[in-house]
Amino acid sequence: MTTDRIADVSTGTDTTDAGRDSADSTAEYAESRDTTEGRIYHVSGGDWDDVLEDAQHDERIVINMGPQHPSTHGVLRLVLELEGETVTQLRSVIGYLHTGIEKNCEYRTWTQGVTFVTRMDYLSPLFNELGYCLGVEKLLGIKAPPRAELIRVLLCEINRIGSHLVYIATGGMELGATTAMTFGFREREEVLHLLEYLTGLRMNHAFIRPGGVAQDLPVDWKEKVSEFVQVMDKRLPLYDKLFTGQPIWRNRLKGVGYLPVDACLALGVTGPVLRSAGLPWDLRKIEPYSRYDEFEFDVPTSTDADCWGRYLCRVEEMHQSLRIIRQCLKKIEPGPVMVEDRKIAWPAQLSISSDGMGNSLEHVRKIMGQSMESLIHHFKLVTEGFKVPAGQVYSPIESPRGELGFHLVSDGGTRPVRVHVREPSFVNLQSLSAMSEGGLVADVIAAVASVDPVMGGVDR
C-alpha cells in the first residue's frame, strides 16, 4: 500500500521512495573506512538516536595531541584513543625534529663531533659532550688531566640543576601553575649566566673536548660559582614552599602516571623515573666516571612510582648537585686542562680574548714565525684531525634524564665509522603508554612532564 511509504512522524524517518534506502533495516548507518588512527565514519542523514545508541558502547574517539602542542615538550605527537575522558590507548609518534646528528658525526673529525652531539639534548648539552669525549678517550687510551676531570664534573652538575629547573617550569606551566614557570626560568637564567661566564656560551658549549676541556676557567671562577651556590641555597626552598606542601600540586601528581620498578626495568627506563620507583640506580655511583667516586652525595629515591615521586626526586637531586659543586670548589687545583700530547690536544693553548676564544700570542708566534713544523702540524690537526685506533666502545654516563650512552666505532681513521647514542628521552618515552592508559586526558599532560623528554635527543 502507498500508505506504508509515507513519512513516519514518530521517528522522522523518511519512508518515501526517495528515502527508502535510509529506512531499510539492512542498510548501514554510515559509510566507514579504517585508517592507521582508527575507523572513520561519513555520516549523512539517518536516525541519529539509533546510530548513537548502537555506537556508545563500542566506538571510541581518536585524537591527536601534538606535534604542535604546547604541552608535548617540543614536537612530540601523541595519538590518543578516548572513551569519554579516559585514555584507552596511547601511541607516541616521533621524528618531527630529526637532525641526523649521529650520521653527521661520521662525516666530521672526532673533535668536530662534539659540536654536533652537544645539540642533541639541548637542555643538558654538557652531558652529551662528556659522554662522547669519554668514549673517544677510551678508544685513544688516554685520560683527561685531574683538573679537567673536575671541571667537567662542576659544569655537568651546574647543567643538571638547570635541566631540572626547566622540568619544574614547563611541567608546572602545563598543569596551570604559572608561578612555577616564572620561578623556574628565573633560576635557570642564573645557571645560563654562570655557564656563559665559565665556557663562553649559554648553550651548545662544545667546551668539553677529547683529552680535556677547550680552555681553563676564568681567574675568578670560584667567586662566581660560590655566588651561584648561595643564590640557589636561598631559592630552592621556595619550591618546597610553593609546591611540595601545596595540596593542589600534590593531588594533581599523586597517583598519576604510575609505573612500578618492574615495569621500568622491562622498558629500560632509567633516571629519576626509575629512582622514583625505589631503585637507587645512578651511574655516578654504580659505574663512577670522571672521579665521581671521590665525591660524597646521596641518590634520592622514592617508592611512590608516580609523578609525585619523580618531582620529589628531581628537587632533591638539585640539592645533591649543589653539594657536589661545593666539593668541586675545594677539590679543583691548578694544573693542565688538556692532555700533553700535541697530536691530540686541539685547539691548543687557548686564551680568552674579547670574543671568548683565540689562541695565545706565544702559540701564534711559534706556529707563524718560528717553526714551520709546528705550523704544518697545527694545520693538519685542525683540518684532518687526529687518528683514533680501530675498535669500538660504549661509554655511559648519568644525564638528568637517565643513562646516556655513546657507542663509537673506529676503523683507525680521523673520523668515526659509526656513532650511535643510547638516548634516555627516546627510551623513556616507551613508558608513556603504560603510564597513561586507563587514566584521564588531563593526566597525560602530567605523565609527559614527569618523563621530561627532550625531543632533540629523541630525534637525533
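Reply: In this predicted model, strands S8, S9 and S10 form an open sheet in that order, with antiparallel pairing.

Me: What makes S8 and S10 the edge strands?

Reply: Strand S8 (391–399) and strand S10 (418–422) each pair on one side only. Neighbouring strands of this sheet are turned by 15° against each other on average, direction ignored.

Me: Why are S9 and S10 said to pair?

Reply: Pairing requires at least two bridges between two strands. Strand S9 (residues 402–410) and S10 are joined by five bridges and run antiparallel, so they count as a pair. Within this sheet, Leu 408 stands opposite Val 419 in S10.

Me: Which helix packs on this sheet?

Reply: Helix H5 (residues 125–140) does, touching S8 and S9. The direction of H5 makes about 150° with that of S8.

Me: In what order do the strands S3, S4 and S5 lie?

Reply: The order is S3-S4-S5, in an open sheet with antiparallel pairing. The edge strands are strand S3 (61–65) and strand S5 (86–93), since each pairs on one side only. Here neighbouring strands are turned by 20° on average, direction ignored.

Me: How do you know that S3 and S4 pair?

Reply: The definition asks for at least two bridges. S3 and S4 have five, in the antiparallel sense, and therefore they meet it. Ile 63 stands opposite Leu 80 in S4. Helix H18 packs on the sheet, touching S3, S4 and S5.

Me: Why is Glu 81 called buried?

Reply: Glu 81 is found in strand S4 (residues 77–83). Its relative accessible area is 19%, and buried means under 20%; therefore Glu 81 is called buried. Leaving aside neighbours within four places in sequence, its contacts include Arg 60, Ile 61 and Thr 88.

Me: How many cavities does a search of the whole structure find?

Reply: The search finds three cavities of 30 Å³ or more.

Me: Which helix gives the most to the lining of the largest cavity?

Reply: H6 does, with four residues. Helix H6 (146–174), helix H9 (247–253), helix H13 (307–331) and helix H18 (441–451) each supply at least two residues.

How values were computed:
Residues numbered from 1 in each chain as written. Predicted model: local features only at pLDDT ≥ 70, side-chain atom pairs only at ≥ 80, totals over all residues. Heavy atoms only, no water. 1 Å grid on protein atoms, 1.4 Å probe; cavity = no way out; pocket = protein on both sides within 12 Å on 5 of 7 lines; lining within 4 Å. Points joined across faces, edges and corners; volume = space filled by probe spheres on them. Buried < 20%, exposed > 50% of the residue type's maximum accessible area, 1.4 Å probe, protein only. Contact = heavy atoms within 4.5 Å. Axes fitted to C-alpha atoms, helices over the stretch in contact; angles between N-to-C directions.
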